[in-house]
Amino acid sequence: MEKKSERGLKIKYANVLLGAVFIVLALAILYICQRDDMQFYVKRAPGPGFMPTLSAALIGVCGVGITIQSVLRLKKDAAAGEAPLATRDEWKNFFLVIGLSAAAVFFAKYGGLITVITLVIVLLIRFLGPEPWKTAIPVGIGTGVIMYLIFVVLLKVHVPVGPLGF
Amino acid sequence: MELLHNLATGFSVCADPIVLLYCFIGVVCGVIIGALPGLGPSTGIAILLPLTYGMDPVAGIVMLAGIYYGAMYGGSITAILINTPGDSAAVMTTLDGYPMAAKGRPAQALGMAAYASIIGGSVSVVIFMLLAPVIAKFALAFSPAEYFALMVMGLTSIAGMTGDDPFKGFVAAGLGLFVSTIGMDAVLGTQRFTFGSVQLMGGIDFIPVAMGLFGIAEIIYASAQKDGKKITITREELRFRKMFPTREEWGLCLPHIARGTVLGFFVGVLPGAGATIASFLSYDLAKKTSKRGDQFGTGVIEGVAAPECANNAASMGAMVPMLTLGVPGSGATAIMMGALLMFGMTPGPYLFDKNPEFAWGLVASMYIGNIILLLLVISALPLFVTILKVRPGVLNGVVIGFILMGSYAMNNRLFDVGVTLFFGAVGFFFKKLKVPAAPMVLAIVLGYITETNLRQAMIMNKGSFAAVISRPISAVILIIAVLLAFGTPIKSFIARLFAKKQAE
């Protein structure tokens, strides 16, 4: 029976999907070039659409290559790439890091950048570690103070300030 | 004579206590970062780059260079002590380093790794010093066509040589080229892929992309790995006396160090080849030429010396194309080149002519950096080993905090933090699906220059691409680029041929 942590999209199918995503991306780049009138050639010289078209061609050709290669591998060696794209722990960490950091970006204007980043550090140490609160809180606050000294005091970076004044 | 005069100028620049301090900080951070499994030189430079904002260019680049060669050595600490290389360039060091530690000789292995790294690094600075100005003078004759060909060579070699699958390497390069086109078109001023966003008009900087692809992605991935090994080494086992190899061991190692250094330097000069390949080739060469080649892999000291000198020599070699031609050959040098541009310095043949103090200051800092590295290793290795005991959960949280703050501090924009997070997420999937990130970062750094040079070359030839292929130097470079593009298939073909021959 399949373990709970091994469920989900398998690597071998994820590779096929990856190739397809690149093909779609290449087509989207070409469509935007057309829509926004980024010409390939302008007055006997390369236009603004020249490099995007070349990069789209490269992405598209490689996307086709990855798709074909992955499909052929599926047929050739059905047992290969059985592992899931990411384990449960990896998904948890992924959403924790990206989610908390995205929330920090959103709330930085209201809570102050240093304050929200300190909060993110505390929560990450607590839940990503996982470490006890008695470790997470002092390390997080200490890092926040060091960041304040380096970036705000020393490097004079202007950061969004919250109700606490930093 | 002129060379010595230039070097003296460089040393006078580096004699500034602030520059020395930053060199020291860079080497210390580099050793620590290199020692942490998963965090290599590219990640280290990307994470610590924000600390150089607003710094004097010499101090800034000296610090980044210190991180680079500090990390090259740092990778060997975990390779030897816990059989977990800090970065890919230290993989070969595990083969004999860890068995040496297991046999109760960790200090000798760490000591030889340090001495070999420092000898490799110092000797290759001399080669660098002799070679760089010559290449720079040669490159002065280059037109936009040759520069375009060089950029293509840099991109194809790194895309073709990194990772197992050339398609994935090239798709990463393609994505990087596409990202570099976002913003205002340099020639006609047309907006490209901005979707009306003011933030996107200035384009996407490579630093948040690099911090996301290397830093965030690595942490998400590494924090879920639960196979970390515990270090049970005592301070007693790392005493200075024990770290110094015997006369007999020096006799065994020195020829391999000499060969590995020269080999490593020239492999490092080749764009895309890098320290990993250099250490692999040097280990292989040492195994073939050693009197006790059959014992390699069981804990012989030459097996530690050969890859370690080569990977440090390669890191110096990689600076040659970056500084003289403006073509970085690896992820780490790509980030350093971006930093140079950030400091207002344009890498290329004019760097040594227009900014001699900066260029020669960097060269002199390489000597000083190696001495600092030696002193650090001798005096502070037990401390580094203690730092390795910091729990990953704590370290990951702190590093993410610095990445978020660093990406904001670059332009004082929250938008850049968003870019870092976006590419962090992309980088995680890249890592899982084995799409190499280095070609993407390199393409973002080189994209603008590549496009501008190609368009200039074609405009000069009435819009014809013949401008690029009809010039002998650019044509030769493009042929090499095509060959390098197929580096992986050629490598595997040679390996198959070699295996077949051996089987017979």
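Before the first helix, a definition: the expected span of a helix is 1.5 Å times one less than its number of residues. Helices here are DSSP runs of H or I with at least four residues, strands are runs of E with at least two, and both are numbered from the N terminus. What you see is a predicted model, in which local features need pLDDT of at least 70 and side-chain atom pairs count only at pLDDT 80 or more, while totals for chains, interfaces and linings use all residues. Residues are numbered from 1 along each chain as its sequence is written, and chains are lettered from A and ligands numbered from 1 in the order in which they are written.

Take helix H4 of chain A, residues 113-128. Its 16 residues should span 22 Å at 1.5 Å a residue, and the end C-alpha atoms are 21 Å apart, which agrees.

Is H4(A) enclosed or open? I call a residue buried if 20 or more other C-beta atoms lie within 10 Å of its own, exposed if 12 or fewer, and partly exposed in between, with C-beta atoms placed from the backbone. In H4(A), 12 of the 16 residues are buried, so the helix is largely enclosed by the rest of the structure. Among them are A:Ile114, A:Ile117, A:Thr118 and A:Leu128. The buried residues pack against helix H3 (88-111) and helix H5 (133-154) of chain A, together with H10 and H19 of chain B.

One residue on the H5 side is A:Met147, which lies in helix H5 of chain A. A:Met147 counts as buried because it has 25 C-beta neighbours inside 10 Å. By contact I mean two residues whose C-beta atoms, placed from the backbone, lie within 7 Å. Leaving aside neighbours within four places in sequence, A:Met147 is in contact with A:Ile114 and A:Ile117, and also with B:Gly401 and B:Met405. Its C-alpha atom is separated by 9.2 Å from that of A:Thr118, 29 residues apart along the chain.

Now helix H1 of chain A, residues 11-35. H1(A) has 25 residues and reaches 35 Å from first C-alpha to last, close to the 36 Å expected. Its buried residues include A:Leu18, A:Phe22, A:Ala26 and A:Ile29. What covers the buried residues of H1(A) includes helix H2 (50-76) of chain A together with H8 of chain B.

A:Ala26 is the one to look at in H1(A). A:Ala26 has 24 other C-beta atoms within 10 Å, so it is buried. Not counting residues up to four places away in sequence, A:Ala26 touches A:Ala56, A:Ile59, A:Gly60 and A:Gly63. A:Ala26 and A:Ala56 are 30 residues apart in sequence, yet 4.5 Å apart in space, C-alpha to C-alpha.

Most residues other than glycine have a negative phi. A:Asp37 has a positive phi, near 55°, and lies in the loop between H1 and strand S1 (41-42) of chain A. With 10 C-beta neighbours inside 10 Å, A:Asp37 counts as exposed. B:Lys434 also has a positive phi, near 60°, and is found in the loop between H20 and H21 of chain B. B:Lys434 counts as partly exposed, because it has 14 C-beta neighbours inside 10 Å.

On to chain B. Chain B has 24 helices and two strands, and 62% of its 504 residues are buried.

How do H10(B) and H21(B) pack? Their axes are 10 Å apart and the angle is about 175°; axes are lines fitted to C-alpha atoms, for helices over the stretch in contact, and angles run from 0 to 180 degrees between N-to-C directions. That makes H10(B) roughly antiparallel to H21(B), a label used for angles over 145 degrees. The contact is made by B:Phe206, B:Val209, B:Ala210 and B:Leu213 of H10(B), with B:Met440, B:Val441, B:Ile444 and B:Val445 of H21(B).

Last, where the chains touch: 52 residues of chain B are in contact with 58 residues of chain A. The largest share of the chain B side, 11 residues, comes from H19(B).

Definitions and conventions:
Angles under 35 degrees count as roughly parallel, over 145 as roughly antiparallel, 65 to 115 as roughly perpendicular and the rest as oblique.
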